[in-house]
Amino acid sequence: MLRRYAPVAALLALLFVVANLLVMWGTKHKPAQTIKQPGPLVIVAAPGLTWHDVTQQRYPDLWSVLDYGAMGSQDTGGACTPNAWLTLGAGAAASTGSCTVPQPKVSGSTASWPHWQQWQRDSGSAPLGALAAAYGRRGQCVQAVGAGAALAAADPRGRVARYARSIGAANLSACAVSLVDAGAGRGVATMAQLNAVFAKLPSEATVVLTGLSGEGLGFVYTVGNGVTHGTLTSHSTRQPGLVQTSDLTAFALGRLSTTMPAGVTGQPLLVLPNSTPSKHLAASARDLDQQLRQGDSLVWWLVGLVLVASGALALVARRSAPRWVPPVLVGLGAVPAASYLANVLPWWRWTPGPLWFGLIVLAWAGLGAAIAYAGPWRRSVGAPSLVLAGLTIALVVSDALHDSPLQLGTPLGLRTLATGEHRGIGSAAAGVLVGCVVLLLAAVMRRRPAGALGPVRGDVVVWVAAGVAAVACALLLGVVAGLAVLVVVVPLALAAWTQGLLPADTTIRISRRELLREERARQREAEAEEFAENDDAGEASVRPTDRR
């Protein structure tokens, strides 16, 4: 079967490459714009603030100015407030070892942190104080207003060049960058607290208001003379409306240089200009948070159902070998790809979201199984599984090439809230790809000729390779990635096995044809041998006459 359809597979692979190149060349995206910062930069944090909090009723003054700036959602990484502040100053994930905001040692208009070296050890390779260090080398300062902000404004030695306990004592024009804790370490800032900060802002300042910490996606908004109305993004996420905490660090560092210091993982904020009213952008931000939260909660249900159902179907097939079992197993193998395609529809908006997600996945999986059985290869053992593995690889690779949102927030895709993945191929999707490759390699090994070590059984190869790949992915990419390998391999390998249990005259039409051809070839060989023997006998009867 592999030899017969190899040219077709090669042609399809070539068409896949050409189609993706044409899409990349022909798709025109409106380029994201950089944000100019003519005056000082003021980053105001209201820890825990989300787009679900920001409404016209609760934050009327903030709501009224949203149309003048750029909006987005911030992936906080689930960090608590002190860790989020420390991350903002480092440009990479950092930790104080506690979720209680500490108090700095204040000396006049400066401050310091006695436990700074311990926090550096707790934070691993994160370059604590990278923001203040970069400005210090240029002879400029980073100001902190409030204890939390002092964590982000400290230099690599734990010293804050300019510190104010409250917004009333601060001069937001004194430094190139000012970091303000609007909530004063006492929860989410109120509208009155934000207004107190807004009243102190220089007219030429560029302002970033951020939710900074907490579970889910946080609020982020920037406004200033160089900011165009639109949606925030960055090159680190490549997702419209989504940035991460380290992007704010890179945005502040971008005032000095386009080259980021070593260890800083973010990229400067960008704006995708549009004329969409702010109320609709706010609704989209809430929508994205809801999608990511629900998608991340479904991973264990999805994995468990696929593996348990596959095992149950294998037991059924072993006892009675019904014809419907292999197609159903192929449909289960299509679940990872179907979960990505589920994002084509806004299932998270419908109640209950998990039920709608399951129904949509079921529909896409059924379509995938139908395509896998649509060709003349459908009765060849294992062929539908290989076709589906190839389709899954094509879908995942295409999604990554075009930065489309199909994987975003799916249980086996880009699990943004759980792992901080925003673009490309997520760790779980990498496990799906590995599982597909294992199946394809096992099919090749099944056709491998016997050598010094004897024949290689394809069914043994696939299970051994799947086990090794699952363990390797679990160790390198996480437990979910290892399970993703099994979610692909188990149902598709069992589909090939159960298909082989069915009667040959109903399932292996192509193989029977091959046997008929072999039988006809043997008949022709026998006829040729008989003809040769008769010819030799005729020559023998003629020779004595020739001698006479």
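Which residue forms a salt bridge with Asp53? The partner is Arg58, and the closest N and O atoms of this pair are 3.5 Å apart. A salt bridge here is a side-chain nitrogen of Lys or Arg within 4 Å of a carboxyl oxygen of Asp or Glu. The structure holds four of them.

This is a predicted model: local features need pLDDT of at least 70, side-chain atom pairs count only at pLDDT 80 or more, and totals for chains, interfaces and linings use all residues. Residues are numbered from 1 along each chain as its sequence is written, and side-chain values use heavy atoms, with hydrogens and water left out.

Asp53 is buried, at 17% relative accessible area. Arg58 is partly exposed, at 49%. The cut-offs are under 20% relative accessible area for buried, over 50% for exposed, and in between for partly exposed (1.4 Å probe, protein chains only).

Now go to Arg349 and Asp287. Their salt bridge has its closest N and O atoms 3.1 Å apart. The pair links distant parts of the chain, 62 residues apart. Arg349 sits in the loop between helix 12 (335–341) and helix 13 (353–372), while Asp287 belongs to helix 9 (residues 278–297). Helices are DSSP runs (H or I, at least four residues), numbered from the N terminus. Arg349 is exposed, at 53%. Asp287 is buried, at 13%.

Stay in helix 9 for Asp289 and Arg293. They lie four residues apart, about one turn of the helix. Their salt bridge brings the closest N and O atoms to 2.9 Å. Asp289 is buried, with 3% relative accessibility. Arg293 is partly exposed, with 40%.

Note on methods: Helices (H or I, at least four residues) and strands (E, at least two) are DSSP runs, numbered from the N terminus.
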